[in-house]
Amino acid sequence: MEEEKRRRKWKRKGYSSSASNPISNLDDGCLMHIFSFLSPIPDRYNTALVCHRWRYLACHPRLWLRVDRSVKDLSEPGVFPNIETAVAAARPGDTILIAAGGKHLASNIQIKKPLCLIGGGELPDETTLICSRGSDSALEFLSTCKLANLTVKAELGSCLLHRSGRLTIDRCVLQCESNPLDFLSCPIVSTASAQVFPSAAKYQRDGVSVSRTRIEGGAKAVSTSGDLALQRVRVIYAQTSLFFWFDMEQE
């Protein structure tokens with residue numbers, strides 16, 4: 001009922017389909033199905049800039065959930081005031097888009113289902129997750145997940161704690177304090193022991209894959225207490241930062 005009201009409102013405002021743009025003649029269900037095949041960032045995100053109708057469909061909770069502290073009407077489906085409630089409401093395989101601007105609190109949030117968390121800004125620095133003192137980590141992963149386009153800052157503790165599953169970290173910034181207790185601060189901590197688990201495509205092993213990511217502070221970039229070890233480490237030096245590529249797998 002609510003979706004039907006919004007469609008009628010768009011038609012009154014002149015957002016109806018145009019014959020000059022054949023794809024807009026498709027109904028909402030077909031368009032949303034097409035959008036579901038696009039990568040969330042940047043393709044699906046860019047489709048939301050086309051018009052009001054495409055924005056509604058591209059940001060529909062069937063495609064991804066949103067975390068936005070500035071939204072006042074929290075009754076809007078698929079929109080949550082913080083990461084913890086979004087993770088709790090998400091279904092396995094969902095994508096959570098975290099709004100750019102401001103800082104989002106993330107302390108000891110356990111993720112036990114396959115999810116993708118993506119920052120909504122153009123750069124990772126525009127979407128920041130803060131882990132306060134007294135927390136073991138910002139995010140704790142117990143399932144196969146992906147983290148992309150985010151900055152995670154831990155005041156004392158680890159940014160990411162990997163327990164099990166396959167964790168992919170792409171184009172992120174991980175920052176830890178290096179003083180005064182740097183032995184407690186580590187951007188990535190893994191306690192996993194390599195084990196095979198079923199995937200939709202094939203059988204995969206527990207592990208961590210890091211690409212295009214800045215790692216700052218901490219006694220060391222990675223700490224492991226299971227049987228995973230660093231593999232295929234590559235570092236590229238930019239003018240102001242070091243960018244890392246590496247995997248953590250069983251030797």
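**Legends for the close-up views**

**View 1. Surroundings of Phe-141.** Once neighbours within four places in sequence are left aside, the residues in contact with Phe-141 are Ile-111, Leu-147, Leu-160, Leu-161, His-162, Arg-163, Ser-164 and Leu-167, where contact means heavy atoms within 4.5 Å. The model shown is a predicted one, in which local features need pLDDT of at least 70 and side-chain atom pairs count only at pLDDT 80 or more, while totals for chains, interfaces and linings use all residues. Residues are numbered from 1 along each chain as its sequence is written, and side-chain values use heavy atoms, with hydrogens and water left out. Phe-141 belongs to strand E8, residues 137–141; helices (H or I, at least four residues) and strands (E, at least two) are DSSP runs numbered from the N terminus. Phe-141 counts as buried because its relative accessibility is 0%, the classes being buried under 20% relative accessible area, exposed over 50% and partly exposed in between, with a 1.4 Å probe and protein chains only. Between Phe-141 and Asn-108 the C-alpha to C-alpha distance is 9.9 Å, with 33 residues separating them in sequence.

**View 2. The open sheet that contains E8.** Five strands form an open sheet with parallel pairing in the order E5-E8-E11-E14-E18, and two strands are said to pair if DSSP finds at least two bridges between them. Strand E5 (109–111) and strand E18 (222–224) stand at the edges with a single partner strand each, so one side of each is left without a neighbour in the sheet. From one strand to the next the twist averages 15°, with axes taken as lines fitted to C-alpha atoms (for helices over the stretch in contact) and angles running from 0 to 180 degrees between N-to-C directions.

**View 3. Strand E14 and its two partners.** Strand E11 (residues 158–162) and E14 run parallel and are joined by 4 bridges, whereas E14 and E18 pair in the parallel sense over 3 bridges. Val-189 in E14 stands opposite Leu-161, and in E18 the bridge partner of Val-189 is Ser-223. E14 is largely enclosed by the rest of the structure, because 5 of its 5 residues are buried.

**View 4. Ser-190 and His-162.** Ser-190 lies in strand E14, residues 186–190, and counts as buried because its relative accessibility is 0%. The side chains of Ser-190 and His-162 make a polar contact at 2.9 Å; such a contact is a pair of N or O atoms within 3.5 Å, for which, within protein, one atom must be able to donate a hydrogen and the other to accept it, and residues adjacent in sequence count only if both atoms are side-chain atoms. Beyond residues up to four places away in sequence, Ser-190 touches His-162, Ser-223, Thr-224, Ser-225, Gly-226, Leu-228 and Met-248.

**View 5. Nonpolar cores around Ile-96 and elsewhere.** The largest nonpolar core has 41 residues, and those with the most contacts inside it are Ile-83, Ile-96, Ile-111, Leu-117, Leu-139, Leu-147 and Leu-160; a core of this kind is a set of buried Ala, Val, Leu, Ile, Met, Phe, Trp, Tyr and Cys residues joined through side-chain atoms within 4.5 Å. Apart from it lies another core, of 15 residues, which includes Ala-48, Cys-59, Cys-116 and Ala-148. Setting aside neighbours within four places in sequence, the residues in contact with Ile-96 include Leu-65, Val-67, Cys-116 and Leu-117.

**View 6. Two asparagines with positive phi.** Asn-108, in the loop between strand E4 (103–105) and E5, has a positive phi of about 55° although it is not a glycine. Asn-149, in the loop between strand E9 (145–148) and strand E10 (151–154), likewise has a positive phi, near 60°. Most residues other than glycine have a negative phi. Asn-108 is partly exposed, with a relative accessible area of 34%, whereas Asn-149 is buried at 2%.

**View 7. Cysteines and the chain as a whole.** The structure holds 0 disulfides, a disulfide being a pair of cysteine sulfur atoms within 2.5 Å. Cys-30 is partly exposed at a relative accessible area of 38%, and Cys-51 is partly exposed at 27%. The protein chain has 5 helices and 20 strands, and buried residues make up 46% of its 251 residues. Of the contacts in the chain between residues at least 6 apart in sequence, 56% join residues at least 24 apart.
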